[in-house]
Amino acid sequence: MHPPLESLSASGPDLSGRLILYVGGRHQHVSHLRRIVEAHNGAFVHHDGGVEQSLSKLSAQLERADAVLFPVGCVSHAAQDRVKSLCRRLDKPFRPLRSTGIAAIIAALDSVSARTASAI
């Protein structure tokens with residue numbers, strides 16, 4: 001059972017409508033991650049990292065995103081390399097995640113929120 005949205009948004013960053021792209025991960029976690037991002041006033045899009053979706057679609061999604069998160073243990077090296085390369089070229093923040101836990105996601109969102117807020 002997922003925690004109520006009120007407890008998710010009670011602490012953590014305000015993403016101010018920023019679009020967060022999550023690349024890779026486990027399919028069963030996507031809806032929960034979407035809830036976390038949306039609870040922090042963000043928008044969420046997911047790309048599976050090339051399992052079923054093409055990496056060319058990743059490029060289009062990344063161009064629209066304000067920031068990118070990816071769990072290093074649950075995404076291909078090709079997808080990681082593509083994300084890093086495109087983010088550097090487009091000057092977009094990205095955060096490789098060592099864990100898929102809620103604390104790691106919130107910390108990454110906080111970091112992304114602080115970086116993009118200072119860039120405005």
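Reply: For the classes used below, Ala, Val, Leu, Ile, Met, Phe, Trp, Tyr, Cys and Pro count as nonpolar, Asp, Glu, Lys and Arg as charged, and the others, Gly among them, as polar. By these classes, the lining of the largest cavity holds three nonpolar, three polar and one charged residues. The model is a predicted one. The residues that line this cavity are Y22, G25, R26, H29, L33, C74 and T100. The space in the largest cavity is about 30 Å³, and the count of cavities of 30 Å³ or more comes to one.

Strand β1 covers residues 19–23, and helix α2 covers residues 30–39.

The sheet is open and has four strands, in the order β2-β1-β3-β4, with parallel pairing. Its edge strands, β2 (43–47) and β4 (94–97), each pair on one side only. On average, neighbouring strands are turned by 20 degrees against each other, direction ignored. Strands β1 and β2 run parallel and are joined by five bridges; in this pair, L19 stands opposite A43 of β2.

Helix α2 packs on the sheet and touches β1 and β2. The direction of α2 makes about 155 degrees with that of β2. Helix α3 (residues 55–64) also packs on the sheet, where the strands touched are β1, β2 and β3 (67–71). For α3, the angle with the direction of β2 is about 165 degrees.

Note on methods: Residues numbered from 1 in each chain as written. Predicted model: local features only at pLDDT ≥ 70, side-chain atom pairs only at ≥ 80, totals over all residues. Heavy atoms only, no water. Pairing = 2+ DSSP bridges. Helix = DSSP H or I, 4+ residues; strand = E, 2+ residues; numbered from the N terminus. Axes fitted to C-alpha atoms, helices over the stretch in contact; angles between N-to-C directions. Contact = heavy atoms within 4.5 Å. 1 Å grid on protein atoms, 1.4 Å probe; cavity = no way out; pocket = protein on both sides within 12 Å on 5 of 7 lines; lining within 4 Å. Points joined across faces, edges and corners; volume = space filled by probe spheres on them.
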